[in-house]
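Dear colleague,

Please find below the structure that I am handing over to you. My findings follow it.

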Amino acid sequence: MSIISSIFGYTGVTKKMDRCFGNLPILLLVLVMQAKARSCDMQQGVCYHDAKPVAPIINTTNATFCCDECAKNPACELWLVNLQMKVCFLKVAPTDKGNPGNCITGRGPPPPPYKPIYPTPPNSKNVLFLAVDDMRANIGAYNFTLSSGSFTPNFDKFAQSALRFDFAYVQYAFCSPSRNSFMSGRRPDTTRVWEFEDHFREPQVGPNWVTLPQYFKQFGYLTLGGGKLYVFCL
């Protein structure tokens, strides 16, 4: 497997990938991505108050109707009927386990199979992209020793054959603004993200911006991820 990597710092996670998925080249990103569930299965007695809404509140207690509305909205990953408030919420996927409450919830159905916009370039290589958002690169590959940094022999060995970025600076001292920035190629003043609640997909900001993994996906790559890059699924 041919791998191009940028190592910004020590993530504390190592991942070995031994096989490809069919004939598709792979972009493996260290980021959080939550896929939509395969059906609108209902769960009663759990409320997700912290999940961010993606549409106006709907006045209904009909769980099936709420589920159908979620299926119509590409941004909806979770629907929730609050029986006490008698309303339906369409939200992004929750980041917590929820709280007991008088709610009916369910995940949205999966989107249709994705068709690449452009043909995959011939002889495309697999890509492994590792990043740390706002931490110092205290690993041996950046000439840090055990006394002043972390002991990272695997990263150090990997960096010898990978593409290492020596001037990868973040523009903000919070993780979310940094992640939104380097995954979109725009500064926080442009993404309008300075804390942990906002994201650049909001209206009047960048709903149609093409991110790094999105660009690869448009050219037929299978993009996978795990870890931490986005607060929301962007």
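This is a predicted model: local features need pLDDT of at least 70, side-chain atom pairs count only at pLDDT 80 or more; totals for chains, interfaces and linings use all residues.

A search of the whole structure finds six aromatic pairs. One of them is formed by Phe200 and Trp209, which are stacked, with 5.6 Å from centre to centre and 25° between the planes; both residues are buried. The rings of Tyr215 and Phe219 have centres 5.1 Å apart, and because their planes stand at 50°, this pair is tilted. Tyr215 and Phe219 also belong to a cluster, linked by ring pairs, that includes Tyr118, Phe216 and Tyr221.

Two charged side chains sit over rings. The charged end of Arg186 is placed over the ring of Trp209, 4.0 Å from its centre, while that of Lys91 lies over the ring of Phe89, 5.0 Å from its centre.

Helix H3 spans residues 175-184, and nine of its 10 residues are buried, so the helix is largely enclosed by the rest of the structure. Among the buried residues are Cys175, Arg179 and Met183. Gly185 follows H3 and has a positive phi, near 75°.

Trp194 is located in the loop between helix H4 (188-191) and helix H5 (212-218).

With kind regards

Conventions: Residues are numbered from 1 along each chain as its sequence is written. Side-chain values use heavy atoms; hydrogens and water are left out. Helices (H or I, at least four residues) and strands (E, at least two) are DSSP runs, numbered from the N terminus. Buried means under 20% relative accessible area, exposed over 50%, partly exposed in between (1.4 Å probe, protein chains only). Rings of Phe, Tyr and Trp (its six-membered ring) pair if their centres lie within 6.5 Å; planes under 30 degrees apart count as stacked, over 60 as edge-to-face and the rest as tilted. A charge sits over a ring if NZ of Lys or CZ of Arg is within 6 Å of the ring centre and within 35 degrees of the ring normal.
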